[in-house]
Amino acid sequence: MSPIVTLSAAALTLGAWAVAVLHVFWVVNVTLQEHQHVVSVAALAYVVLITALVAGSLTYLSARYGYARRLSTRQPASDSEIDAFRMTVVPSVTILVPSYKEDPALVWKTLLSAALQDYPRRSIVLLIDDPPVAATHEDARALDEMRELADAVERRLAAVHARVRSAAAAFEQRADTARLRLSGEARKLAALHQEVAAWFADEAIRHGIVDHTDGVFVEVTLLGESRRYQQKAADLLRDAEGAVIDENLLRGAYRRLASRFEVTVRTFERKRYTNLSHEPNKAMNLNTYIALMGGRFRERADGAQRLLESASPDERGITFDDSDYVVVLDADTVVHPEYVLRLAHGLSRPEHRRVAVIQTPYCAFPGSGRLLESVAGATTDIQFQVHQGFTYFGATFWVGANAMIRKAALEEIVEVRQERGFEVRVFIHDRTVIEDTESTVDLRRRGWQLYNYPERMAFSATPADFGALLIQRRRWANGGLLIVPKLWRFLWTFEGRRAGVSEVLLRLHYLTSLAVANVALLFLLGLAFDERLASMWLPITAAPYYLLYAVDLRSIGYRWRDVLRVYALNLLLIPVNLGGVLRSVQQACTGRRSTFGRTPKVVGRTAAPAGYVLAEAGLLGWWTFGALMELEAGHRLNGLFALANAAFLLYALVRFVGLRDACADLQPLVAQTAHGLGTLRLALAWRRFVAPLIVLLALLFPSKVTGTDLAITIDDFPTHGPLPPGITRLAVADQLIEVLRRHGIRDAVGFVNGGQIADTPEHGIILERWIAAGYRLGNHTFGHVDLDRIGPDGFLADVERNEPVIVRYGGTAPDRMFRYPYLHEGATLIEREGVRLGLRERRYQIVPVTVDFYDWAWNEMYARCASNAGAVEALTRGFREAALRALDWSEETADTLVRRPIKQILLLHVSALVALTLDDLLSAYEARGVRFISVRDALEDPVYGIDPKVTWRDQENFLTQLLRATGRPRPRPPLPHEGCHTD
């Protein structure tokens with residue numbers, strides 16, 4: 001990698017860009033003389049767009065130059081220097097592995113990779129972020145496996161650790177009691193090295209290779225070390241035959257072997273404690289544990305709550321060891337055995353005393369047989385090179401997945417905030433979903449630097465399908481624009497004014513590039529500019545970038561033609577990146593934080609939201625139609641360019657997404673909009689504008705083109721219905737809260753029957769946790785009484801009897817919302833109107849229901865069939881389908897009654913089946929375009945001002961009442977079949 005070649009490429013790019021811009025200005029001059037002002041303005045916009053893309057090329061070439069200069073001047077630490085550092089009192093290191101509902105087999109590899117680090121003072125903590133009380137048997141089994149991993153790792157190392165420790169102790173005893181025969185000692189040490197090499201080889205055989213990630217783990221962590229110890233044994237045997245042997249070297253080798261397998265591995269679950277942060281993101285999982293480091297704490301029970309509080313010196317408690325450095329590893333990461341050693345050595349160098357974070361940006365696991373995973377991995381591997389170049393210019397960003405952090409630096413940027421009434425310390429900010437990038441600016445404001453270690457020492461998983469890749473890349477694109485103001489403020493500080501121009505430009509480009517480049521590509525490829533603007537110099541501006549990109553791909557093990565596949569992937573990701581950018585804009589406008597979207601690591605395919613698949617199809621149609629129009633108009637250059645890009649996008653759709661999978665992802669949207677095809681045909685008359693409109697709407701509403709507003713209400717708090725064996729009421733509630741927060745639902749109402757708490761006071765903890773999570777309480781009567789049976793006076797008395805319970809848990813100014821038990825509003829109109837008047841006098845707002853599928857009946861069947869896995873699977877599938885059909889019916893009925901969409905209100909119950917299926921159900925609703933809103937927002941819809949003024953003796957929701965009032969038929973939701981059926 002020659003710096004001169006890269007500089008030449010940058011000069012060629014700049015020269016070609018300058019000539020191309022001069023050509024455009026010549027066109028502007030001509031069009032102004034011809035009074036074609038619209039064309040002139042379009043030409044100036046054209047200059048801005050191509051300049052944005054050229055800036056991206058120049059950034060890549062600058063980073064490449066920086067990386068080349070670092071490689072040419074780098075003097076890596078020698079083995080003797082590393083060994084000398086290791087024999088000193090090295091800084092202590094705590095390795096944190098945050099995990100949320102990960103595959104235990106995946107986490108096992110990460111933990112074992114960390115446990116086998118060749119570094120003496122280290123400990124490992126697995127930060128389990130799953131709900132501490134599982135709501136389902138499957139979740140309970142997975143959680144138990146995760147909790148066992150720490151002990152399992154220590155047990156795996158116990159035998160070899162005991163062997164090398166006893167050998168080291170025997171050596172020390174011999175050295176203390178007699179004069180050593182150093183040649184014989186060298187042979188004994190060689191034999192011990194051979195035993196250790198055999199242990200690593202046995203572990204490699206023991207670990208089954210299922211896919212390419214297993215192959216990398218076995219090679220890097222096990223077989224590579226086996227060969228290394230075999231070589232050390234051979235070197236010792238050779239030295240024993242004639243070379244001078246140093247007793248201190250033998251002693252150091254024994255101690256190094258003993259410390260290699262001496263490690264503590266533990267787990268920690270922050271959500272077990274009420275007073276710790278429960279925010280559903282990785283940053284707060286890490287912050288919680290870092291805040292505890294160096295302290296002693298005791299557990300205290302407060303009713304059903306468990307608190308973790310500071311312990312006095314004479315109290316028994318839990319000690320959280322402090323450390324000089326903290327290593328953060330994602331739960332799907334495998335690191336080189338000397339990862340910690342070399343990064344700690346680098347961070348401890350005198351010239352790095354103001355370096356806060358040292359990292360080696362992760363690489364993709366090589367050898368994937370899946371095309372999308374391989375190509376996406378190629379872009380990740382190229383980013384390793386880009387980030388290395390950023391370090392040359394002092395513009396390093398903390399990029400997650402793996403990093404070593406100086407804990408003293410984190411202490412300088414810590415902030416304190418309140419969460420649910422408890423004080424929490426925040427080191428790594430979670431304002432955006434790219435928390436490490438924002439923390440970079442925080443550290444720079446305090447005068448700290450960041451550094452990329454120039455070796456590939458870490459591997460992390462790459463999404464293998466489009467749905468998972470979409471979630472990852474959309475998250476990466478979300479947040480950069482939000483950090484720009486903070487970076488701008490930094491530039492006006494003392495440290496910011498000391499930053500070089502290169503650092504400033506590279507940091508600004510890094511934060512804005514996904515927004516700027518994708519918008520530029522969308523307009524350049526989708527709009528018909530005057531053909532006179534095009535020139536031969538435009539492809540010359542891009543040629544050096546793509547040529548050197550291909551060279552770099554080839555140098556790291558990919559093929560030349562992979563650069564074309566990367567180009568196709570980048571076109572495919574335009575809607576995805578813009579979707580992430582629009583989420584940043586939405587957060588900036590509303591102040592509501594985006595939901596942290598974890599990259600799925602599951603067996604099988606992750607479905608893509610229908611809106612994104614529709615956007616891809618829209619882009620393809622837009623570019624294809626535009627190309628044909630350009631060719632028909634005789635604009636051959638523009639037409640061929642557009643047609644070529646359409647061909648690349650078609651390739652990406654076929655090879656990276658798959659036509660069959662794309663159709664499967666679109667199926668829910670097609671089914672829902674089938675009744676509106678007449679309108680769609682009319683829209684097709686505007687053929688020139690349909691595809692751009694589809695893309696725009698799909699980006700604004702990524703789940704689908706038209707969405708439904710839906711409020712969540714849950715009846716019968718704190719408990720409802722029977723439970724399967726082994727499941728607790730508290731676990732059900734915790735699971736519901738966890739799922740609601742994971743889907744970004746900040747407002748939901750739980751309707752309370754206070755009589756349950758009078759009968760079972762310990763159920764009050766459920767309401768406490770519901771309120772602590774930020775959700776609301778409504779009145780559902782004290783004893784869940786039936787108005788048709790008890791009469792108006794007794795009914796209103798029961799409503800009043802429930803109020804002290806709501807005040808006790810919801811505060812002195814609770815939300816005065818009311819829901820009728822059984823949805824029974826009165827057997828006669830006089831009774832109905834009397835109760836409604838009584839509720840109004842008590843300042844209650846009645847919360848109706850529009851989406852109801854009798855979820856309570858499904859739960860009863862689940863409790864009976866919970867031990868039959870096949871029946872449970874069939875039941876949950878039917879439950880989801882019933883929920884989707886109920887939503888369809890409510891949307892269609894609203895359209896029939898009021899000729900427009902309305903804000904819908906969903907009724908669920910706090911049951912075991914809802915806890916089991918809610919995550920899947922909300923995901924299915926989101927895929928259908930549902931936007932979750934508050935109940936207050938929903939009640940603002942004018943439709944709820946209509947009073948049907950009808951009576952009935954069955955469970956009927958608001959829309960059913962309107963159908964009854966207008967004399968229309970009223971279908972009942974489907975109920976589950978009796979018996980535990982697997983079909």
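An open sheet with mixed pairing is built from 3 strands in the order 8-15-10. Strands here are DSSP runs of E with at least two residues, helices are runs of H or I with at least four, and both are numbered from the N terminus. Two strands pair if DSSP finds at least two bridges between them. Strand 8 (333–335) and strand 10 (363–364) are the edges; each has a single partner strand, so one side of each has no neighbour in the sheet.

The model is predicted: local features need pLDDT of at least 70, side-chain atom pairs count only at pLDDT 80 or more, and totals for chains, interfaces and linings use all residues. Residues are numbered from 1 along each chain as its sequence is written, and side-chain values use heavy atoms, without hydrogens and water.

Strand 8 pairs with strand 15 (residues 458–460) in the antiparallel sense over 3 bridges. Val334 lies opposite Phe459 in strand 15.

Strand 2 (residues 122–128) pairs with strand 3 in the parallel sense over 5 bridges. Leu126 has Thr267 in strand 3 as its bridge partner.

## Leu628

Leu628 is located in helix 21. Its relative accessibility is 48%, so Leu628 counts as partly exposed; buried means under 20% relative accessible area, exposed over 50%, and partly exposed in between (1.4 Å probe, protein chains only).
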